[in-house]
Amino acid sequence: LFFGLRRAPATSATPVAPAAPAPTPDSQPRPPQCPGMSNVEGMQQVHVVVNTQTDTGASSSPVQVTEGVIAPDLGGRAYFSQWCTAGVFDADMYLVVPLLGKTVQFTVDLGGAGCGCNVAFYFTAMQTNPNAGACADHYCDANDVCGARCDEVDVMEANSKVFRSTLHRSQDNVGGSVGYGGTGPHTQTWTRNEYGPGSSCIDTNKPFEVKAHFPTHEVNNKTVLQGMMIDLSQDGASCEDGLTATVGWYKFGGSDAIVALTQALRKGMVPMVSYWSSKEMGWLDGRDINGELPCAADTPDSCPLRGPKFSNFSVQNFTGWLHASTMNLSPKPKKTAKAVDDDVDADGDSTATAVGRSGVGEAVPVLVQPSGVATMAGDRLSEPVQLAGGWLQVYQNDDPSKAYFFNPGTSQTTWDRPAEAT
């Protein structure tokens with residue numbers, strides 16, 4: 001264990017590489033499996049291992065590594081590993097990163113990937129998969145892509161218009177999700193004014209920083225995962241504090257799925273990057289909960305063959321502080337709300353979310369505008385009441401019995417009145 005990174009157990013036998021690459025069904029050569037090495041702050045270099053075939057047996061796409069910068073071609077996927085030998089895949093080779101109580105950080109350049117493109121940095125428990133599977137590399141995830149399921153942590157699935165983060169139990173391909181964009185169930189936490197090409201907080205025409213925090217807390221005298229908190233920041237942005245989104249409420253199979261993920265994050269997961277496209281990416285970049293339409297249509301043919309880049313990786317102990325209510329904010333019953341017009345958004349200087357529940361089961365955000373006027377899916381709410389400690393009390397639909405509390409200074413949100421907000 002070193003700086004939060006744990007090597008997988010050594011394999012019992014020395015793998016032997018085949019004399020020549022196996023033939024491929026599409027007669028295309030396999031991409032280089034060992035393109036280079038990258039740095040993770042606080043430790044020695046790690047190998048980058050490229051997935052060489054798809055679930056159909058066809059050749060996948062290359063991943064470039066230049067001076068530690070990882071750049072997948074369209075259709076490419078790569079894993080962090082302890083070692084790499086061409087032609088050899090072993091579940092014990094992959095780098096296993098314990099995430100519980102950690103902060104993961106990296107820089108991403110989306111490279112012009114727009115509607116219909118998906119640029120991803122994520123973790124799965126693929127070191128636990130004993131079978132090589134359809135992709136011949138022991139890959140597994142919550143979507144059964146290569147014929148095997150395992151727990152999955154999507155720190156980032158994004159393009160220039162949208163950004164989503166999701167926790168998945170192995171049998172749940174939907175998961176608990178936050179961010180901006182798409183028709184899939186999630187909590188919307190910002191708008192196109194804050195994230196997108198030329199936006200005030202994250203201008204996706206430029207590189208930006210991503211941090212994923214995995215804080216813990218005590219439940220019944222046990223240390224368990226509190227949730228996943230995402231911070232996005234960018235040098236020179238007019239929104240100095242960046243953007244924050246939190247997966248603090250996730251139920252699956254009638255139980256608390258965040259707590260259930262504790263053991264997987266404690267044991268560790270394998271980091272990886274991927275870049276792919278589809279004409280059916282509406283779950284990610286289609287019409288969002290508040291009615292905004294990041295992408296009217298997906299155009300995978302316009303995804304650049306080579307563009308996205310990942311760099312500056314780091315895994316450190318989480319040293320921040322989180323208000324419990326920020327992580328534990330859960331959906332509340334609410335009447336079905338109408339969608340807002342595309343131009344009814346917060347401008348990015350102070351955005352928070354409280355979650356309602358629409359008639360179709362989607363999370364509906366409450367956005368607190370810098371002017372102090374809040375909207376929920378187009379409904380005008382009463383003026384917030386200023387309280388002590390910098391807190392605002394905001395009423396939903398002018399109903400005093402349905403209030404939440406927001407602190408613009410700390411971006412904390414809670415359903416329960418804070419003790420200092422007297």
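**Close-up 1. N312 is found in strand 25.** This is a predicted model, in which local features need pLDDT of at least 70, side-chain atom pairs count only at pLDDT 80 or more, and totals for chains, interfaces and linings use all residues. Residues are numbered from 1 along each chain as its sequence is written, and side-chain values use heavy atoms, with hydrogens and water left out. Strands are DSSP runs of E with at least two residues, helices are runs of H or I with at least four residues, and both are numbered from the N terminus. N312 is not a glycine, yet its phi is positive, about 55°. Most residues other than glycine have a negative phi. N312 counts as exposed, because its relative accessibility is 54%. The classes are set with a 1.4 Å probe on protein chains only: buried means under 20% relative accessible area, exposed over 50%, and partly exposed in between.

**Close-up 2. N220 sits in the loop between strand 18 (216-219) and strand 19 (222-225).** Its phi is positive too, at about 55°, although N220 is not a glycine. Is N220 buried or exposed? N220 counts as exposed, since its relative accessibility is 69%.

**Close-up 3. G36 is found in strand 2.** With 24% relative accessibility, G36 counts as partly exposed. Which residues does G36 touch, once its neighbours within four places in sequence are left aside? G36 is in contact with V46, H47, V48 and V65. Contact means heavy atoms within 4.5 Å. Take H47 as one of these partners. G36 and H47 are eleven residues apart in sequence. In space, their C-alpha atoms are 6.3 Å apart.

**Close-up 4. C34 and C84 form a disulfide.** A disulfide is a covalent bond between the sulfur atoms of two cysteines. Here the term is applied to a pair of cysteine sulfur atoms within 2.5 Å. The sulfur atoms of C34 and C84 are 1.9 Å apart. The link is left-handed, with -80° about the S-S bond. The pair links distant parts of the chain, 50 residues apart. C34 lies in the loop between strand 1 (6-7) and strand 2 (36-38). C84 lies in the loop between strand 7 (76-81) and strand 8 (95-96). C34 is partly exposed, with a relative accessible area of 32%. C84 is buried, at 17%.

**Close-up 5. C117 and C303 form a disulfide.** Their sulfur atoms are 2.0 Å apart. The torsion about the S-S bond is about -110°, so this disulfide is left-handed. How many residues separate C117 and C303? They are 186 residues apart, and the pair links distant parts of the chain. C117 is in strand 10, while C303 is in the loop between helix 3 (282-285) and strand 25. Both C117 and C303 are buried.

**Close-up 6. A disulfide joins C140 to C150.** The S to S distance is 2.2 Å. The torsion about the S-S bond is about 95°, so this disulfide is right-handed. C140 and C150 are ten residues apart. Each of them lies in the loop between strand 10 and strand 11 (152-158). C140 is buried, with a relative accessible area of 1%. C150 is buried as well, at 5%. A search of the whole structure finds six disulfides. With bonded cysteines counted along the chain, the disulfides follow the pattern 1-2, 3-11, 4-12, 5-7, 6-8, 9-10.

**Close-up 7. The largest cavity is lined by 13 residues.** A cavity is a set of points, on a 1 Å grid over the protein atoms alone, where a 1.4 Å probe fits but cannot get out. Lining residues have an atom within 4 Å of a point. Grid points are joined across faces, edges and corners, and a volume is the space filled by probe spheres set on the points. By this rule there are two cavities of 30 Å³ or more. The largest cavity has a volume of about 70 Å³. V40, F80, F121, P271 and V315 lie nearest its centre. Strand 9 (102-109), strand 10 (117-124) and strand 25 (309-317) are the elements that give two or more residues to the lining. Which element gives the largest share of the lining? Strand 25 does, with three residues. The lining residues divide into eleven nonpolar, two polar and no charged. Nonpolar covers Ala, Val, Leu, Ile, Met, Phe, Trp, Tyr, Cys and Pro; charged covers Asp, Glu, Lys and Arg; the others, Gly among them, count as polar.

Conventions. 1 Å grid on protein atoms, 1.4 Å probe; cavity = no way out; pocket = protein on both sides within 12 Å on 5 of 7 lines; lining within 4 Å.
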